[in-house]
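Subject: Structure handover

Hello,

Here is the structure I said I would pass on.

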Amino acid sequence: MRRYVLVCCYLAGLISLSAQTFTGTNAPNTARDFSIVLPAGATNLALTVGGTASAYSYILLRKGTPPSDTSYDFSSRVNGQTNALCLEAPEVSPGTYYLRVRTPATSQTHAFTLQVQTNRADLRTAARPVTKPLGGSAW
């Protein structure tokens, strides 16, 4: 498993974009767990794991304790493509988050790259819609 860290600062110096990359290879019906610390001052969190029609993985996210396949705060589970989560307050706040990259039995072995970014300026765009929990009075 390889882990890369990249930190870039905007010219104004007020908000910094922080990025981490995790890589691994999952056989079908296996998972790999990672953890990140979301620092004070982080405005959002964007997670992306690339996929193809034949090799893909899901993302499961949970704050405070590692997720299981049935217990998590947020997930992106779309077969045969890239999966992503884009979150902002109040869904995310400073603290330790645990990520699971789950490759389902319906996928081939998946050599994945999980990109984790904070303080993205392009959330709430067509390319990066914000993930919100289901529920509430709207339903």
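The notes below cover confidence, the core, the aromatic rings and the backbone.

This is a predicted model, in which local features need pLDDT of at least 70, side-chain atom pairs count only at pLDDT 80 or more, and totals for chains, interfaces and linings use all residues. Residues are numbered from 1 along each chain as its sequence is written, and side-chain values use heavy atoms, with hydrogens and water left out.

Confidence. pLDDT is the predictor's confidence in each residue, from 0 to 100. The chain average is 84, and 83% of the residues score at least 70. Over residues 1–15 pLDDT stays under 50. Where pLDDT is low, the predicted coordinates should not be read in detail.

Core. A nonpolar core is a set of buried Ala, Val, Leu, Ile, Met, Phe, Trp, Tyr and Cys residues joined through side-chain atoms within 4.5 Å. Buried means under 20% relative accessible area, exposed over 50%, and partly exposed in between (1.4 Å probe, protein chains only). The largest such core has 19 residues, and Leu-45, Leu-47, Leu-61, Leu-99, Leu-114 and Val-116 touch the most other members. Strands S3 (30–38), S4 (44–49), S5 (58–63), S7 (83–88), S8 (95–103) and S9 (110–118) each give two or more residues to this core; strands (E, at least two residues) are DSSP runs, numbered from the N terminus. Beyond four places in sequence, the contacts of Leu-99 include Phe-34, Leu-47, Leu-61, Leu-114 and Val-116, where contact means heavy atoms within 4.5 Å.

Aromatic rings. The whole structure has three aromatic pairs. Rings of Phe, Tyr and Trp (its six-membered ring) pair if their centres lie within 6.5 Å; planes under 30 degrees apart count as stacked, over 60 as edge-to-face and the rest as tilted. Phe-22 and Phe-34 make a tilted pair, 4.8 Å centre to centre with 40° between the planes. Phe-22 is in strand S2 and Phe-34 in strand S3, so this pair ties together parts twelve residues apart in sequence. Phe-22 is buried at 2% relative accessibility, and Phe-34 is buried at 5%. Phe-34 also pairs edge-to-face with Phe-112, at 6.1 Å and 80°. Phe-112 lies in strand S9, 78 residues from Phe-34.

Backbone. Most residues other than glycine have a negative phi, and most peptide bonds are trans. Ala-89 and Pro-90 are joined by a cis peptide bond, with omega about 10°. Asn-29 has a positive phi near 65° and is exposed, at 53%. Asn-119 also has a positive phi, about 60°, but is buried at 7%.

Regards

Note on methods
Helix = DSSP H or I, 4+ residues; strand = E, 2+ residues; numbered from the N terminus.
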